[in-house]
Amino acid sequence: MTAFSKSDFGPGFSWGVATSAYQIEGAVSEDGRSPSIWDTFSHTPGKIKTGENGDVACDFYHRYQGDIAFIRQMNMQVHRFSLAWPRILPGGTGPVNPKGLDFYHRVIDRTLELGLKPWVTLYHWDLPQVLEDKGGWTNREIVSWFGEYVEVCARAFGDKVKHWMVLNEPTVFTALGYMQGKHAPGRKGLGNFLPAVHHAAMAQAEGGRILRANVKDAQIGTTFSASYVEAAGPTWLSRAAAASYDAVVNRLFIEPALGLGYPWKAAPFLLALKRYIRPGDMEKLAFDFDFIGLQTYFRQQVRFDPLALGTFAREIPHAERGGELTEMGWEVWPENIYLLLRQFSAYKGVKRILITENGAAFPDTPQGERVSDPQRLKYIQDHLAQVLRAKREGVPVEGYFYWSLLDNFEWAEGYRPRFGLVYVDYPTQKRILKDSGRWFGEFLAN
Ligand code: FCB
């Protein structure tokens, strides 16, 4: 029993799950799909901790009918998934692949047939490799390459899909992919990171404008990764380090979208972005999003470190804080989601917020036809209690999408961390609804 019920969240609150194409689809060479940067990266020795790749993943490409039915079974209404750019435009730009569009028409139709709403993410990190070969996000031309792709999707699916998210977590794909080299395409350094940031921020707003022009009655959003940031000590230096870290982790993409520009006062190294900004760009960074998607898993505590170039902030390892850790090594601290909802709702231009991702990986072991996952269930319930706390205080939070529907390919971590409400036995592709998923079914039943 929880201290709250579905009705406490109100009738307009959306309940759902989130996935992304590369993490679940598999079928990487089927029906004309071209390689993405994640195919290249995962096939490069040493990049994925377990040596695995997304070639087969959850085989969602062939099993989507049954998989989407689990969402219905859990009494949710929203199926958030992403479109794979290399399936739809295998050349990155240019001729459309009809078989790529067909696949997503089938996914959307199945979603609608079950009475669910499709919420579509346009870019969840699987850039066509052909475009990375031309510089990827560091090449300013990506703004028009992306625009072409968005227009194709908006025209193809706009009659059936009314909820759109332009980018998934631009801070994460630029920082891990173009600064730290831990994610595809594995590039490093400010010389890659800063142009990638500016071009992604331009594409974020441009994508919004193209959706607005092409989809009638669209609800247009985009998603941001977020972590509540705390200074580890009371000193001025420690607080300044926390502020600059917060600027990069939480403010870097939302503020330009809101017309506030980049947060360079708190993080002066971002002034180097000016090298990539052309006259007229600052105005084009703004777009009036109908909602924002917040995605959060943990808080960060940071301390001042003169050697941490850029932010001068060093993260305190989660394991040193003494709290419960997930399979990702992430600290479980539910108040994080409440504090972030407060922080992001304080922006004047933010109208509605949805939690478009939140969830936890724990080692799950099936026992016959059951998977008992009490830690995940507690994680969900404790986070929902904090969402409700924010909502009761007036934060316009209107939905919660659990990450993820299925256990899946967790990027550089491989298949080891299991985030799903549905267990996937990879060798047989057998699925089992975990106890946390069964709980959703009961909690959301009318
Ligand atoms: C988010 C990503 C998602 C998944 C979760 C665990 O940052 O958007 O694809 O990897 O983390």
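**View 1. Trp236, Leu237, Phe304, Leu309 and Phe312 form a nonpolar surface patch.** Patch residues have over 30% relative accessible area and no salt bridge, and nonpolar side chains are joined within 5 Å. A salt bridge is a side-chain nitrogen of Lys or Arg within 4 Å of a carboxyl oxygen of Asp or Glu. Tryptophan 236 lies in helix α10 (residues 236-251). Its relative accessibility is 62%, so tryptophan 236 counts as exposed (over 50%; buried is under 20%, partly exposed in between). The model is predicted: local features need pLDDT of at least 70, side-chain atom pairs pLDDT 80 or more, while totals for chains, interfaces and linings use all residues. Numbering starts from 1 along each chain as its sequence is written, and side-chain values use heavy atoms, without hydrogens or water.

**View 2. Eight-strand barrel: 8 strands close in the order β1-β2-β3-β4-β5-β7-β10-β13.** Pairing is parallel (at least two DSSP bridges per pair; strands are DSSP E runs of at least two residues, helices H or I runs of at least four, numbered from the N terminus). The twist averages 25° from one strand to the next (lines fitted to C-alpha atoms, angles from 0 to 180 degrees between N-to-C directions).

**View 3. Strand β2 (residues 78-82) is largely enclosed by the rest of the structure, because 5 of its 5 residues are buried.** Val78, Arg80 and Ser82 point one way; His79 and Phe81 point the other. Parallel β1 (residues 14-18) joins β2 through 3 bridges, with glycine 16 partnering valine 78. Parallel β3 (residues 117-123) joins β2 through 5 bridges. There, histidine 79 stands opposite proline 118.

Methods:
Buried means under 20% relative accessible area, exposed over 50%, partly exposed in between (1.4 Å probe, protein chains only). Patches are made of residues with over 30% relative accessible area and no salt bridge: like charges are joined within 9 Å, nonpolar side chains (Val, Leu, Ile, Met, Phe, Trp, Tyr) within 5 Å. Accessible areas come from the Shrake-Rupley method with a 1.4 Å probe; for residues, only the protein chains shown count as cover.
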